[in-house]
Amino acid sequence: MSVCDPTVQPSILFCVQELNGKKVNNSPLFLSPPSSSLLPEMAKQNSPSLAEVVKQVAEQQQSQVADVEKSKTVLFQLQAKCQELEKEMNSVLLETKTTEKEIHLQDDAIEVTKYQCENLEAQVRALYSENLKLRCDAETVQEEFEMILARNNEYREKIKDHKHLFWEMESKLPVMIELAKKKEFVEELKAKKEDLLCDLQNPEGSVIKQVQEDITLLKCEITTLKDVINKKRDLLEEEKKKHAKLRKEIEVQNKRYDAILKRLHCQLNKVHSNKRQWHWNIQQLERKAAELRKCLGVAELQNIM
């Protein structure tokens with residue numbers, strides 16, 4: 001890198017200005033490019049100081065390049081951190097949106113629960129008022145029930161007295177006297193029944209002997225009735241056989257008569273058809289005879305004319 005390089009001249013001059021403590025912005029030296037005759041002289045006059053300035057400028061450029069590289073790395077790191085922060089911010093935004101939605105949903109649910117609670121409170125108040133009314137009604141019903149119970153007790157006492165009087169009057173009636181006699185008679189019959197049961201349990205009693213004789217007589221009658229029933233059963237079987245035979249004969253006769261009746265129907269139908277045919281033939285012959293009569297009448301008239 002030479003001192004005469006135009007890219008280096010402004011930086012060199014800037015450095016020289018800084019070193020000498022002079023302001024170059026308003027100097028007419030830098031308003032126009034330096035002439036070629038002045039540059040060698042300046043280079044000769046300031047050759048040791050320019051080398052130092054160039055060295056300082058190179059060092060400054062190297063330090064600036066290093067700073068730029070460091071700043072680039074820092075910039076890349078900051079960009080990566082920014083991207084991470086943007087991602088985190090997006091995720092945080094999504095979380096905030098979801099939380100806001102959940103908050104809105106929770107608010108709606110809270111409103112619904114508040115409405116339900118209000119409805120439940122209204123229902124509780126209505127139920128409480130109904131409960132109070134029912135309690136009042138129950139108390140009134142209880143008082144009415146106690147009054148009715150007292151009236152019923154009085155009525156029962158009156159009915160008891162009335163029954164007692166009625167039983168006394170009824171016991172004096174002739175029907176009740178007769179009923180008492182019949183009750184006594186029933187008691188006597190029950191006693192006789194017990195005596196008879198005791199006599200039946202005794203194998204040598206007169207009642208058992210009488211019953212055994214009756215049983216033997218009944219057995220004889222049963223055997224005679226069985227014989228009569230067997231005879232009648234035999235007669236009934238014979239009658240059944242006769243009836244079956246007659247039924248078969250009747251069926252045969254009915255079939256025969258049905259065949260004869262069918263044949264007679266056929267003959268009658270034929271006679272009716274023949275009759276209709278003969279009637280039609282007679283009508284045709286009568287028509288022909290009428291026509292012939294007309295023809296004969298016409299012929300006679302023509303002969304007369």
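## An exposed arginine and its partner

Arg125 is exposed, with a relative accessibility of 56%; here, exposed means over 50% relative accessible area, buried under 20%, and partly exposed in between (1.4 Å probe, protein chains only). Glu121, at 44% relative accessibility, is partly exposed. Arg125 and Glu121 form a salt bridge in which the closest N and O atoms are 3.8 Å apart; the term denotes a side-chain nitrogen of Lys or Arg within 4 Å of a carboxyl oxygen of Asp or Glu. About one helical turn separates Arg125 and Glu121, because they are four residues apart in helix 3. The structure holds one salt bridge.

## Basis of the model

The model is predicted: local features need pLDDT of at least 70 and side-chain atom pairs count only at pLDDT 80 or more, while totals for chains, interfaces and linings use all residues. Residues are numbered from 1 along each chain as its sequence is written, and side-chain values use heavy atoms, with hydrogens and water left out.

## Overall fold

The chain has five helices and zero strands; these are DSSP runs numbered from the N terminus, with helices (H or I) of at least four residues and strands (E) of at least two. Of the 305 residues of the chain, 4% count as buried.

## Negative surface patch

A surface patch of negative charge brings together Asp107, Asp108, Glu111 and Glu118. Patches consist of residues with over 30% relative accessible area and no salt bridge, like charges being joined within 9 Å and nonpolar side chains (Val, Leu, Ile, Met, Phe, Trp, Tyr) within 5 Å. Glu118 lies in helix 3, which covers residues 47–171.

## Cysteines

Cys82 is partly exposed at 41% relative accessibility, and Cys117 is also partly exposed, with a relative accessible area of 41%. Zero disulfides (pairs of cysteine sulfur atoms within 2.5 Å) are found in the whole structure.

Conventions:
Accessible areas come from the Shrake-Rupley method with a 1.4 Å probe; for residues, only the protein chains shown count as cover. Lys and Arg count as positive and Asp and Glu as negative; His and the chain ends are not counted. The place of a charge is taken as NZ of Lys, CZ of Arg, CG of Asp or CD of Glu.
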